[in-house]
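I opened my notebook to look up the pockets first. The overall shape comes after that.

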Amino acid sequence: MQYTLRMKTATLPSVRVQPALREEVQALLGEHETLSEFVETAVRENVQRRRNQLEFAARGIASLESAKRTDSYVEADAVLDTLVRKLNVAKLKRAAGKR
């Protein structure tokens, strides 16, 4: 006799929405996509977005602490100048590609 271990599934709480929102969502569903799949995807994407936000904040705090420990800072103007140069290069490349 063979046994397989299966993880039980759980449900998320029901969410009450205005009928117009439900209709709009249903109108936007992909082919063969269910409302439940849409909601699950939305929840997964938001979980990932929030995880990314937390990780980003943690990296920023770690960087700040490192800068304070080593007394090694980069002036904001230097960072902005570099970003503006990169943006200008990207704009030139894009304009050249459209010709």
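How much space lies in the second largest pocket? I looked it up in this predicted model and found about 300 Å³.

Next I noted what lines the second largest pocket. I listed Ala-10, Leu-12, Pro-13, Ser-14, Ser-36, Val-39, Glu-40, Val-43, Arg-44 and Val-47. I sorted this lining into six nonpolar, two polar and two charged residues.

Then I turned to the largest pocket. Its volume is about 420 Å³. I found 14 residues lining the largest pocket, and the closest to its centre are Val-15, Val-17, Leu-35, Phe-38 and Val-39. Two elements, α1 (19-28) and α2 (35-70), each give two or more residues to this lining. I wrote down α2 as the one that gives the most, with six residues. By type, the lining of the largest pocket has eleven nonpolar residues, two polar and one charged.

Now the fold. Which elements does the protein chain have? I counted three helices and zero strands. Read from the N terminus on, the order is α-α-α.

I checked the overall shape next. The radius of gyration of the protein chain is 24 Å, while a compact globule of 99 residues would be near 13 Å. Along the principal axes, the C-alpha atoms fill a box of roughly 60 × 45 × 40 Å.

How much of the protein chain counts as buried? I noted 2% of the 99 residues. Buried here means under 20% relative accessible area. The accessible surface of the chain comes to about 10,200 Å², and carbon and sulfur atoms hold 57% of that.

Conventions:
Residues numbered from 1 in each chain as written. Predicted model: local features only at pLDDT ≥ 70, side-chain atom pairs only at ≥ 80, totals over all residues. Heavy atoms only, no water. 1 Å grid on protein atoms, 1.4 Å probe; cavity = no way out; pocket = protein on both sides within 12 Å on 5 of 7 lines; lining within 4 Å. Points joined across faces, edges and corners; volume = space filled by probe spheres on them. Helix = DSSP H or I, 4+ residues; strand = E, 2+ residues; numbered from the N terminus. Nonpolar A, V, L, I, M, F, W, Y, C, P; charged D, E, K, R; others polar. Rg over C-alpha atoms; globule rule 2.2 N^0.38 Å. Buried < 20%, exposed > 50% of the residue type's maximum accessible area, 1.4 Å probe, protein only. Areas by Shrake-Rupley, 256 points an atom, 1.4 Å probe, with all protein chains shown as cover.
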